[in-house]
Amino acid sequence: MKRSPLALVARAASLVALIALAGCGGKGGEEKIVIGEYGSITGTDATFGGSTRDGVAVAWDELAASGGKIGGLNVAAITPEDDEGKAEEAATAVQKIVNQDQAVAVIGEVASSRSLAAAPICQNAGVPMISPSSTNPKVTQAGDYIFRVCFLDDFQGWVMANFTANNLKLKKVAILWDVKSDYSKGLKDYFATAFKGMGGTIVGDQSYSSGDQDFRAQLTALKAKNPQAIFVPGYYTEAGLIARQARETGFKGPLLGGDGWESSKLIEIGGDAMNGCYYSNHWALDAPDSNLQHFVAEYKKKFNGSEPDAIAGLAYDATRILFAAMNKLATDDPKTFAGLSSKNAGTDLRKQATAKLRDEIAQTKDYPGATGKITIDPNRNASKPAVVIEIKDGKKMFNTTTYPQNTAS
Amino acid sequence: MSEFLQQLVNGITWGSVYALIALGYTMVYGILRLINFAHGDIYMLGAFFGYFLARWLAPMAMPSGPEAIVVLLVSMLGAGAVGFLIERLAYKPVRRSSRLAALITAIGVSLLLENGGILLFGPDPKFFPQIIPAHQFHLGAGVTISNQQVIVIVVSLVLMLGLRFIVLYTRVGKAMRAVSYSHTAAALMGISVDRIITFTFVLGSMLAAAAGVLVAVQNPKIDPLMGIMPGLKAFVAAVLGGIGNIPGAVLGGLVMGIAEVMVVGYLSPTWRDAIAFILLIAILLFRPAGILGRNTAEKV
Amino acid sequence: MKRLIATVALLAVLVVIQMILPRAVNPYVLQIIVLCGINIVLAVSLNLVNGFTGQFSIGHAGFMAIGGYASAMFSLHVGKGWVSALTAGGVPALVAQGAALLVALLLGGLLAAVAGYFVGLPSLRLRGDYLAIVTLGFGEIIRVLIINVDAVGAAQGLPGIPQWTNLFWIGLFVLAVILVSRNLAHSTHGRALFAIRDDEVAAEALGVNTTAYKVLAFVIGAFFAGVAGGLSAHFVSYLNPSSFTFLRSIEIVAMVVLGGLGSITGATLAAIVLTVLPEALRSALAYRMVIYSLMLIVLMITRPQGLLGTREFSWKAIRDRLSRRRATGPVA
């Protein structure tokens, strides 16, 4: 009985040794600034982690092309840590980024659940975290070091409800949402509340699980309720198939969606069935905006002509906003900025530097991003317009822009 | 009423897919007492083989019928080859170990195929070329069925009957039944147990691949993780029907498909993934051998 | 008396570890140590069912989910109030949090144990793989249930759970599960469990109440899985139903089998190896899971009995071996 604690200590010691071995190279060496990124590189959500990684990579390439330095210090290439699409893994990955790699800022995640698991760690360590595309309101409530560069689900739900009620002039809408996705659940609730407030009725409510292949049962049940449109607040991975099967059941009205629909795959999978559908998004790829077109061109150049999705665009913007904040800190306060260097890891100087960096990010105003003008509001959320995209003849066409209610003129 | 009939059609189509996958499970389990967790991933591989093949064939502009048949058959052969490799390289070496070790190996193979698939094919969903364009048939009373749904049902039926023929009326089928009864006795009768087991694996993998291609034709979106849930549920279907029993697997698959669709249509769709297991627990408690399984006396 | 001293000494050591280790290592390493601890509790408790009793459970994540959610709900709605009341009354924060955490964990564990009782019952009638599928189904049903309940956050998860888990509590429950297993193995009850594993019919013929013992194994196993869920919830401070999938259960089964079915030492070591290994493979990125699965297959082929078989670590065995080597000539 007496040996057990001894064994425990021995175990702990061997573990520490093992990890120290595995994690070599994190410290020492040349002076540089480390930025972390975490995402679902493997697992069921791997496509989102991949898009984020690619968007960040474009931003980093641009920095590298201009010398790879900010304020005279080298910025280390950002390699994403994998969280396998699991909340606890996200927490572990961010612990590694913050405490082992000594990152001064963290980019991630797409899924709000993983951002929520990682946020307390960044908050406690005093390291700013910028989520590119977690749209759940709770994420930035985790603390004053947590930011995001996308709009929120409540805004997006309102945009689509408003569009349905006032632009399409529809009164009866059914909802088909993804029960496994926190994003889908949130968006569905906000849409339903807003739409009912505008005098509409939700005639049917059905759900599926992401990864499903067959939605005919749900669609048959919904069609029996005679909706004028079906709101599908899920991801493009299912939306294309849902559209196909909806047409099979004889439903002719529009399908409506959110930013989860944004991908070149949507129309590829959905085909003609997508025509006449609408979704809210962060950008319209056909908009003549120079920042957007610049990013699209760079992305296509890097990835053999494939089209970026909005998740990649938001990741690009998140990274660029971080770089901009670092640049600003370097010019405004070079002494504090030096604290971001890897040689100052664990010092008070570093703490001050990351706190200052946080302030700089918080002051972001009208940043010209690929996904529109981004202003960080006092709640550390991005205040920016949403666009509604119409799918016509197999093409995504810009339809309307909606500004946040309080700033709308 | 028309809604109910429509749901029934939906249920039967989806159920015949489960049935096809369940057949592979039931055969392997019947012979090896191994839950082949990688079976659902073979279904995924079948769909991907079909995807690459269909894209490769596309410029040749074959008429859709023959092209579809070529795609189906070649994908089945490809998956059969993969089944052969898996059996020889991973399962055979652990056959004499504990059943739990074999199960962990099966799970390892499953994880390998899924993550290898993500690495090779990419994690994003792929659009499966429409080798058979969709048409709707109206059956009256507001019920519609697409030609693709008909194809799924008919091809499943043909394959199941083919399997039944192999198992009941051929020498190799007889040998399979002998091996499933007792490895030792079969070996004593001069049957090469190893070869029969390999044959069973290949056959099961081919059926799973057929299911993969059929589903992809009907729902043209495939991704490396598409096999997890159908695989799990098809196994439940096999247990439901009475594992090791071929008509049982078909019945179990249909029951599952219809039950799922009815839960979505008339109860709560969020329970779709759970109904399979609720049904299973209920059946196992009252009829542990499954619907068609025989209750065997306890071996003493 | 000796026992009391040993217990006090153990607790003192845990307190010392809790005071020193967080200062000595960085939080990332600390997190991995905690995750190792949680996985040890899970693996050793599953070993009770799969290893000792020879039953086949692949739904451990379900019990973990019950324990995690129950304890988190308790802490959020009751425990937090207790802590603020106690600290206002002058009780040190760590003690107050510890007390609230203990109640939450026990509550979570008990609820999981009740579930374990009901899952164990079908083992009256079901053998082997059938039971495995029932446990798998149970795990999935629990997950779907959680997704359907808005009060626990549904798919959005449950954030803001107080971060009360520390090394002391992890260590305490690691010791508890190991000691319970060890003492059980050396007791009459443990022998009954082994008898069921080795030959159920023979055990029954010898008068072992096989049903009661099988259910007992399930209940104890589920209790500790529930506690592990609670520890995890109060450590990550966030719960999400997607953390309790079938794959999580499989991870735990892999630990037990890798360590050697029936070996407490094996389950403990394997839990550590399978927690640290994916971390060590981080730099392999996308190849990580491929390497992990390949290693699993290769290990099962080369060492199907697990790393340790059914052997246990003990000082006595080592001493015996040493003294035997020292002794001149073989003992007849």
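Start by selecting E109(A), which sits in the loop between β6 (105–107) and α4 (112–125) of chain A. Those labels come from DSSP runs, numbered from the N terminus: helices are H or I runs of at least four residues, and strands are E runs of at least two.

A quick word on what you have open. This is a predicted model, in which local features need pLDDT of at least 70 and side-chain atom pairs count only at pLDDT 80 or more, while totals for chains, interfaces and linings use all residues. Residues are numbered from 1 along each chain as its sequence is written, and chains are lettered from A and ligands numbered from 1 in the order in which they are written.

**Two loop residues in chain A**

Next, click on Q102(A), in the loop between α3 (87–100) and β6 of chain A. Its phi is near 60°, a positive value in a residue other than glycine. Is Q102(A) buried or exposed? Q102(A) counts as buried because it has 22 C-beta neighbours inside 10 Å. The cut-offs are these: buried takes 20 or more other C-beta atoms within 10 Å of the residue's own, exposed takes 12 or fewer, and partly exposed is in between, with C-beta atoms placed from the backbone.

Jump to N226(A), in the loop between α7 (216–223) and β11 (229–231) of chain A. Here phi is near 50°, again positive in a residue other than glycine. N226(A) is exposed, because it has 12 other C-beta atoms within 10 Å.

**A pair of helices**

Stay in chain A and select helix α11 (residues 310–332) and helix α13 (residues 348–362). They pack at an angle of about 120°, with their axes 9 Å apart. (Axes are lines fitted to C-alpha atoms, for helices over the stretch in contact, and angles run from 0 to 180 degrees between N-to-C directions.) On the α11(A) side the contact is made by I321(A), L322(A), A325(A), M326(A), K328(A) and L329(A), and on the α13(A) side by K356(A), L357(A), E360(A) and I361(A). Contact here means C-beta atoms, placed from the backbone, within 7 Å.

**Where chain A meets chain C**

Show chains A and C together: 38 residues of chain A are in contact with 40 residues of chain C. Which element of chain A gives the most to this side? That is α1(A), with 11 residues. Also colour β5 (80–82), α3, α4 and α6 (182–197) of chain A, each of which supplies at least two residues.

**Over to chain B**

Hide the rest and look at chain B, with its 11 helices and 4 strands. Its radius of gyration is 19 Å, close to the 19 Å that the globule rule gives for 300 residues, so chain B is as compact as a globular protein of that length. (The radius is taken over C-alpha atoms, and the rule is 2.2 Å times the number of residues to the power 0.38.) The C-alpha trace spans about 55 × 45 × 35 Å along its principal axes, and buried residues make up 59% of the 300 residues.

Finish on helix α5(B). Its buried residues include Q148(B), V152(B), L159(B) and L163(B). The buried residues of α5(B) pack against α1 (2–32), β3 (144–146), α8 (193–218) and α10 (246–266) of chain B.

Key: Two residues are in contact if their C-beta atoms, placed from the backbone, lie within 7 Å.
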